[in-house]
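Good morning, and thank you for making time for this presentation.

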Amino acid sequence: MSNIVRDSDVVEVSEPPYFNFGEKVKAKRVIRNDGTYAGKEIGEVLAKKGEIGYVVSIGTFLQQFYIYGVEFTESGNRVGMKRKELESAIPRDEMDIPLPGAPKA
């Protein structure tokens, strides 16, 4: 159990969310049902590694993390994910939407 990675020192909510509503993202790894996704068996794949989705909601968990509700287009599943489980599908320098905290043009 000593190799368990904990995020207890990370407090994302002190900054604006990393991803924006409508942003095209992709899963960095396979996402399986941990028992919290209704209608699917525990362990069933909800999103494949590299699957593309769009941020449809942004919430928080434990006043510490942002949870991004991502609608995956291939599977049709809407999954709550942490920032570390996602990456932008479009390089940030090619986006048309302003980044949080960016000066207005």
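Predicted model: local features only at pLDDT ≥ 70, side-chain atom pairs only at ≥ 80, totals over all residues.

Residues are numbered from 1 along each chain as its sequence is written, and side-chain values use heavy atoms, with hydrogens and water left out.

Gln63 has a positive phi of about 50° although it is not a glycine. Most residues other than glycine have a negative phi. Leu62 also has a positive phi, near 55°, and its place is in the loop between β4 (52-61) and β5. Are these two residues buried or exposed? Leu62 counts as exposed at 61% relative accessibility, and Gln63 counts as exposed at 71%. The cut-offs are under 20% relative accessible area for buried, over 50% for exposed and partly exposed in between, with a 1.4 Å probe and protein chains only.

As for the chain, its secondary structure comes to zero helices and seven strands. Of its 105 residues, 27% count as buried. Contact means heavy atoms within 4.5 Å. Among contacts with a separation of 6 or more, residues 24 or more positions apart account for 54%.

Let me turn to the aromatic rings. How many aromatic pairs does a search of the whole structure find? The search finds three. Rings of Phe, Tyr and Trp (its six-membered ring) pair if their centres lie within 6.5 Å; planes under 30 degrees apart count as stacked, over 60 as edge-to-face and the rest as tilted. Tyr18 and Phe19 form an edge-to-face pair, at 4.9 Å centre to centre and 90° between the planes. Phe19 is also paired edge-to-face with Tyr68, at 5.1 Å and 85°. Phe19 lies in the segment before β1 (24-27) and Tyr68 in strand β5 (residues 65-72), so this pair ties together parts that are 49 residues apart in sequence. Both Phe19 and Tyr68 are buried, whereas Tyr18 is partly exposed at 31% relative accessibility. Ring pairs link Tyr18, Phe19, Tyr66 and Tyr68 into a cluster.

Two charges also sit over rings, a term that requires NZ of Lys or CZ of Arg within 6 Å of the ring centre and within 35 degrees of the ring normal. The charged end of Arg83 is over the ring of Tyr18, 3.5 Å from its centre. Lys82 lies over the face of Phe65, at 4.0 Å from the ring centre.

Next, Thr73 is found in the loop between β5 and β6 (78-81). Beyond its neighbours within four places in sequence, Thr73 is in contact with Glu51, Ile52, Gly53 and Tyr54. Thr73 and Glu51 are 22 residues apart in sequence and 7.9 Å apart in space, C-alpha to C-alpha. Thr73 is exposed, with a relative accessible area of 54%.

Conventions:
Helix = DSSP H or I, 4+ residues; strand = E, 2+ residues; numbered from the N terminus.
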